[in-house]
Amino acid sequence: MKFSVIIPAYNEKERIVIAVKSILVQNVGRRNFEISVADNNSTDGTARTAREAGADKIVLEPEQGTNMARNAGYKISKGEIVVFMDADCVAPSDWLSRIGRLLENPSVAMVSGPYDYSFTGVQAFLDKIWTGAIFPKMPALLEFLFGKKAGIIIEGNFAAPRATIEAIGGIPLIKFWGDGPAMAIPASRKVGRVLFDPTLKIKSSPRRLGKINFFTTTLKYAWVYLKTYFTI
């Protein structure tokens, strides 16, 4: 099996069906992927709904935290390439095939892309600048300034060969903030290039921004990223 798609989920009964079905129609062929949903202690029947939607495996992770759930899903996965998607996301039908092509390059250790929040107006413009121009260039800029390699990923839209995950010691058990840098930065230093492709988009609900707006979320992410960069 080539791909293992891992979806962490907490009380996602209303969204998990669409997420799972977007994977079921991938153009790589059904025999080439499996879908694992890691139920992070849901109380709304998420696990049952995911199974009914077509998920191959369901695993319960009672300890709250996105990477706790990702790790549980990773442990039961079998694919050569592990792919992570959030439960409020919808993947285009060529998502896995594009990931596979990007990872054919032996110098690439991990690949990621942005969320498409369907922003409009000023937010859409700023998001395009951030994810299309600034975000992908941050690792190279940091290495130029400080001499230490860096990688950057969006946690709900990334993939890596299983060998990369093993080389960085597995999925780091960080509950939320800092989980992405804790994977991408070690991968860039120990394995190879972490490629952020602005065109590798998946649709996502803007609800993840919650009461924190896009700008505040971006600043907080940048702070946690830099802290991780200088301390590991």
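Reader: Where in α5 does a kink lie?

Author: The kink lies at M138, shortly before the proline P139, and comes to about 45°. The bend at a residue is the angle between axes fitted to the seven residues ending there and the seven starting there. Do keep in mind that this is a predicted model: local features need pLDDT of at least 70 and side-chain atom pairs count only at pLDDT 80 or more, while totals for chains, interfaces and linings use all residues. Residues are numbered from 1 along each chain as its sequence is written, and side-chain values use heavy atoms, with hydrogens and water left out.

Reader: How far does α5 reach from its first C-alpha to its last?

Author: The reach is 36 Å, close to the 38 Å expected at 1.5 Å a residue. That expected span is 1.5 Å times one less than the number of residues in the helix.

Reader: Which residues of α5 are buried?

Author: They are D127, W130, T131, F135, M138, P139 and L142. Buried means under 20% relative accessible area, exposed means over 50%, and partly exposed is in between (1.4 Å probe, protein chains only).

Reader: Why do residues three or four places apart point the same way?

Author: An α-helix has 3.6 residues a turn, so residues three or four places apart point the same way.

Reader: Which residues form the nonpolar patch on the surface?

Author: L141, F144, L145, F146, L226 and F230 form it, with about 640 Å² of accessible area together. The elements that give two or more residues to the patch are α5 and α8 (214–231). Of these, α5 gives the most, with four residues. As for the rules, patches are made of residues with over 30% relative accessible area and no salt bridge; like charges are joined within 9 Å and nonpolar side chains (Val, Leu, Ile, Met, Phe, Trp, Tyr) within 5 Å. Accessible areas come from the Shrake-Rupley method with a 1.4 Å probe, and for residues only the protein chains shown count as cover.

Reader: Where is F230 found?

Author: F230 is in helix α8, and F230 is partly exposed at a relative accessible area of 43%.

Reader: Changing topic: how many salt bridges are there?

Author: The count comes to six, where a salt bridge is a side-chain nitrogen of Lys or Arg within 4 Å of a carboxyl oxygen of Asp or Glu. One of them joins K57 and E34, with the closest N and O atoms 3.0 Å apart. This pair links distant parts of the chain: K57 is in strand β3 (residues 57–60) and E34 in strand β2, 23 residues apart.

Reader: Is E34 buried or exposed?

Author: E34 counts as buried, at 4% relative accessibility, whereas K57 is partly exposed at 22%.

Reader: And which residues are linked in a network of salt bridges?

Author: That network links R70, D86 and D179. R70 and D86 have their closest N and O atoms 3.4 Å apart. R70 belongs to helix α3 (residues 66–76), and D86 to the loop between β4 (81–85) and β5, 16 residues apart. The side chains of D179 and R70 meet at 3.0 Å, N to O. D179 lies in the loop between α6 (162–167) and α7 (181–190) and R70 in α3, so this pair ties together parts that are 109 residues apart in sequence.

Reader: How buried are R70 and D179?

Author: R70 has a relative accessible area of 1%, and D179 is at 3%.

Reader: One more: in what order do the three strands form the open sheet?

Author: The order is β5-β10-β7, with mixed pairing. The edge strands are β5 (89–90) and β7 (115–116), each pairing on one side only. Two strands pair if DSSP finds at least two bridges between them. Two bridges join β5 to β10 (residues 202–204), and these strands run antiparallel. C89 stands opposite S204 in β10.
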